[in-house]
Amino acid sequence: MPIPAPAIDALSALLGARFSVGAADRDLHGQSETFHTAPPPDAVAWPVSTDEVSRVLAICHAHGVPVIGWGTGTSLEGHALAVQGGLVVDMMKMDRVLDVRAEDMQVSIQPGVTREALNTELRATGLFFPVDPGANASLGGMAATRASGTTAVRYGTMRDNVLALEVVLADGTVIRTGTRAAKSSAGYDLTGLFVGSEGTLGIITELTLRLHGQPEEVASAVCGFPTLDQAVECVTATIQSGIPMARIEFVDGDAARAFNQYAGTHLHEGPHLMVEFHGSPVTVREDAQRFGELAAEFGGTGFDWATTPEERAALWKMRHGAYRACLALRPGATAVVTDICVPMSHLPAAVAAAAEDIREAGLIGPMVGHVGDGNFHSQMLIMPGNADELAAAKRVATRMAERALAVGGTITGEHGVGIGKRPLMRAQHGDAIGVMAAIKTALDPQGIMNPGKMLPDVN
């Protein structure tokens, strides 16, 4: 149902030129990074303050208008698509760093600040924000999807680094969760509730984040392995040995081939690990040596060390560009992108089984992963409109998720649920879905907040 005329009038009066029903603006906010599709929203709003967000949601609540939060649009499971129409609230004009408290190792920001912009702002403080999902995502969006990334093995995910939030609820009520203290035992953990809620419970308008000290020394390297099993088993052994990795990333042979073609690198077209160590010069040197000795036991060869900041930036730019590089393996293709996370002891078997499924399905499906915490991804390349390829890729993704659940893992380690993983939620959570549904109903009784996402048979 289109947005009612009285709501259009009220939103236009409130926001002026920062409210649009134009086709170009709507189409821009109706796109997805992957194969997920939906019609464009009925309108787009660009608020600049918490008060405006509150008034926008009050209008939408009064008229039953669906509301979808929008950051940089880089999510992979269709989180920000307007599957039931309605209003997209684009938060990217709320992009101020509000308060850097270096002595507390904290910062308060608006949700449209991107992770790269924040770290640029922090350069003179000796601090940085470590959560790095690859894309230059907005921090509000990263909190909403409980993002993690390449550094999670050392610094944790958004769950570990968000201390407090300001959130606007479905009816326009503004609440604050959490504190600036290091810990609290007062009441329910509402901050944890909203981190990862994917915009289904409210719109985040301010975040207080934990910062970390910039490491004195950083060393990065990439090394190759003869087989997939040897590379992944090396990861497991590295973590079990207690070597303090800052990053330990896996790429398979297809991904290495994609890097060579897309970025002009010269990796052998087999499995690789990309690693990074943070600390003092002495500890970094010792950790790197220990890892090198361990990797050699699993056939690791051809260590290519990045010794300057420029070389390290190029290495991780290559890894972060994996999605575009892998798409280029099949010009014109889109992708079914999925991720799972398993206990470390089950990681080698999970990766091997996924690779075999992809091969048997006849698909090109490069795999990469933040394997230091048991999380890996597959990007299965399919041609738009090819129903058979889409069905085959979805079957592979479902089998990956089912295997993860069978060993105590999760259907998604960091991509989130959105549209794509919604059908699998009951298999993971069982009767706990009813508890989630009760929370959703209590906070959003009309079901206007990002409807059609996350919870099955609820919104």
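This is a predicted model: local features need pLDDT of at least 70, side-chain atom pairs count only at pLDDT 80 or more; totals for chains, interfaces and linings use all residues.

A: A residue is called buried when its relative accessible area is under 20%.

Q: Why is Met 454 called buried?
A: The relative accessible area of Met 454 is 11%. The cut-off is under 20%, so Met 454 is buried. Met 454 is found in the segment after helix 17.

Q: What makes the phi of Met 454 worth noting, given that the residue is not a glycine?
A: Most residues other than glycine have a negative phi. Met 454, by contrast, has a positive phi of about 70°. Asn 450, also placed in the segment after helix 17, has a positive phi near 45° and is likewise not a glycine. Asn 450 has 3% relative accessibility and therefore counts as buried.

Q: How do you know that Asp 444 counts as buried, and what is it in contact with?
A: Asp 444 has a relative accessibility of 2%, so it counts as buried. It lies in the segment after helix 17, a helix that covers residues 432–443. Apart from neighbours within four places in sequence, its contacts are Ala 170, Thr 200 and Met 449. A polar atom of the Asp 444 side chain lies 2.9 Å from the backbone nitrogen of Met 449. A polar contact requires N or O atoms within 3.5 Å, and the 2.9 Å between Asp 444 and Met 449 falls within this limit.

Q: Why is Asp 339 called buried?
A: Its relative accessible area is 0%, so Asp 339 is buried. Asp 339 belongs to strand 16, residues 334–341.

Q: What makes the link from the side chain of Asp 339 to the side chain of Asn 375 a polar contact?
A: The limit for such a pair is 3.5 Å; the distance between the side chains of Asp 339 and Asn 375 is 3.2 Å. The Asp 339 side chain also reaches the backbone nitrogen of Gly 413, at 2.8 Å. Beyond four places in sequence, the residues that Asp 339 touches include Phe 376, His 377, Glu 414 and Lys 421. Ser 20 is 319 residues from Asp 339 in sequence, and their C-alpha atoms are 35 Å apart in space.

Q: Why are strand 1 and strand 3 said to stand at the edges?
A: Four strands make up an open sheet of mixed pairing, in the order 1-2-4-3. Strand 1 (19–20) and strand 3 (67–70) each have a single partner strand, so one side of each is left without a neighbour in the sheet. Strand 3 runs parallel to strand 4 (residues 87–90), and four bridges join the two. In this pairing, Val 67 has Leu 87 of strand 4 as its bridge partner.

Q: How do you know that strand 5 and strand 6 pair?
A: Pairing takes at least two bridges, and strand 5 (residues 97–101) has four with strand 6, in the antiparallel sense.

Q: What else does strand 6 pair with, and which way do its residues point?
A: Strand 6 also pairs with strand 10 (residues 202–210), antiparallel and over four bridges. Ser 108 stands opposite Thr 208 of strand 10. Gln 106 and Ser 108 point one way, Val 107 and Ile 109 the other way, and all are buried.

Q: What makes strand 8 and strand 9 a pair?
A: Five bridges connect strand 8 (residues 162–169) with strand 9 (residues 174–178) in the antiparallel sense, against a requirement of at least two. Ala 164 has Gly 178 as its bridge partner in strand 9. Four residues lie between the strands of this hairpin, in which Gly 172 takes a positive phi near 100°.

Q: How do you know that Arg 247 lies over the face of Trp 316?
A: The charge of an arginine must come within 6 Å of the ring centre, and Arg 247 is at 4.6 Å from the ring centre of Trp 316. Elsewhere, one aromatic cluster is formed by Phe 277, Phe 291, Phe 303 and Trp 305.

Technical notes. Residues are numbered from 1 along each chain as its sequence is written. Side-chain values use heavy atoms; hydrogens and water are left out. Buried means under 20% relative accessible area, exposed over 50%, partly exposed in between (1.4 Å probe, protein chains only). Contact means heavy atoms within 4.5 Å. A polar contact is a pair of N or O atoms within 3.5 Å; within protein, one must be able to donate a hydrogen and the other to accept it, and residues adjacent in sequence count only if both atoms are side-chain atoms. Rings of Phe, Tyr and Trp (its six-membered ring) pair if their centres lie within 6.5 Å; planes under 30 degrees apart count as stacked, over 60 as edge-to-face and the rest as tilted. A charge sits over a ring if NZ of Lys or CZ of Arg is within 6 Å of the ring centre and within 35 degrees of the ring normal.
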